[in-house]
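Q: Please take a close look at one part of this model and then relate that part to the rest of the chain.

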Amino acid sequence: VKGNRLRGVQVPVSGAIKRLDFSHNELQQLNYDTIKVLDNVQELDLSYNQIHTIPLCLGSRTALTVLRLGYNKLQQLEFLEQDKRRVGGTPSSPRGKGPRGLAALHTLEVPCNHLATLPDALAHLECLTRLDAHGNELTSLPARLADSHVLRELLVADNQLSQLPPGMGDVTSLQLLHIGANCDLSVQKVPAAIRHAIVGTVPSNSAMAISPPDRPLTEPAYP
């Protein structure tokens with residue numbers, strides 16, 4: 001259903017569906033009836049639409065591993081915040097009482113929206129290895145992002161960042177860090193322990209520039 005100029009979503013109810021691609025359409029919103037049949041979907045691509053908000057119940061899907069929401073009109077990601085989620089009027093599975101929402105999510109892509117902040121709830125995504133939030137309006141990143149032990153790719157170029165969260169140097173799993181085109185984020189502000197992960201061009205404030213490694217930037221997963 002990719003690239004069909006769809007303005008509404010008709011999801012076939014089938015437990016066999018593992019991947020849904022609604023990218024490159026004209027969707028403006030999703031409703032609860034759409035989301036509630038996605039229990040077994042592992043990859044959901046809603047990129048390149050005109051979506052303003054995502055239903056809170058999306059955050060309760062436990063099978064999702066890849067979620068692509070780039071190139072929309074999102075201003076916030078409330079569906080990631082567990083305390084705000086409701087499914088059928090009840091909170092999503094509390095800790096210790098079944099799988100947490102988005103417990104399997106390893107790839108979250110939200111580039112080129114209108115996000116000014118990312119929720120602290122990102123820290124609860126314990127499997128998250130790739131976070132792409134480039135091309136937004138971010139002035140800071142969640143402090144608890146530095147608690148991650150599995151994050152490998154962080155793409156936050158072309159925002160308004162002036163620093164990374166304290167403790168980011170402890171994220172030794174990081175293999176790719178794209179931070180170019182921010183307002184005042186230089187190489188010197190990147191902890192030495194993760195400078196090896198930098199890709200792209202990053203300004204240096206010292207007389208002797210620190211050159212990032214010569215390595216290609218991982219291409220976004222969008223066609």
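What is the relative accessible area of Tyr48, and is the residue buried, partly exposed or exposed?

A: Tyr48 has a relative accessible area of 26% and is partly exposed; the scale calls a residue buried under 20%, exposed over 50% and partly exposed in between, with a 1.4 Å probe and protein chains only. The model is predicted, so local features need pLDDT of at least 70 and side-chain atom pairs count only at pLDDT 80 or more, while totals for chains, interfaces and linings use all residues. Residues are numbered from 1 along each chain as its sequence is written, and side-chain values use heavy atoms, with hydrogens and water left out.

A search of the whole structure for aromatic pairs finds one. It consists of Tyr48 and Tyr71, which are stacked, with 4.3 Å between the ring centres and 5° between the planes. For rings of Phe, Tyr and Trp (its six-membered ring), a pair needs centres within 6.5 Å; planes under 30 degrees apart are stacked, over 60 edge-to-face, and the rest tilted. Tyr48 sits in the loop between strand 2 and strand 3, and Tyr71 in the loop between strand 3 and strand 4 (86–87), so the pair ties together parts that are 23 residues apart in sequence. Helices (H or I, at least four residues) and strands (E, at least two) are DSSP runs numbered from the N terminus.

Tyr71 also counts as partly exposed, at 26% relative accessibility. Its phi is near 60°, a positive value in a residue other than glycine. Cys112 likewise has a positive phi, near 55°. Cys112 is placed in the loop between strand 6 (107–109) and strand 7 (130–132), and its relative accessible area of 25% makes it partly exposed.

The loop between strand 2 (43–45) and strand 3 (66–68) also holds Leu58. Leu58 is buried, with a relative accessible area of 0%. Leaving aside residues up to four places away in sequence, Leu58 touches Ile35, Leu44, Leu64, Leu67, Phe79 and Leu102, where contact means heavy atoms within 4.5 Å. Ile35 is 23 residues from Leu58 in sequence, but their C-alpha atoms are 6.1 Å apart.

Ser23, in the loop between strand 1 and helix 1 (32–35), is buried as well, at 0% relative accessibility. Ser23 and Asp45 are 22 residues apart in sequence and 5.8 Å apart from C-alpha to C-alpha.

As for the chain, its secondary structure comes to one helix and ten strands. Eight of the strands form an open sheet with parallel pairing, in the order 1-2-3-6-7-8-9-10; two strands pair if DSSP finds at least two bridges between them. Strand 1 (19–21) and strand 10 (198–199) are the edges, and each has a single partner strand, so one side of each is left without a neighbour in the sheet. Within the sheet, strand 8 (residues 153–155) and strand 9 (residues 176–178) pair in the parallel sense over three bridges, and Glu153 stands opposite Leu176 in strand 9.

Of the 223 residues in the chain, 47% are buried. Among contacts with a separation of 6 or more, 37% join residues 24 or more positions apart.
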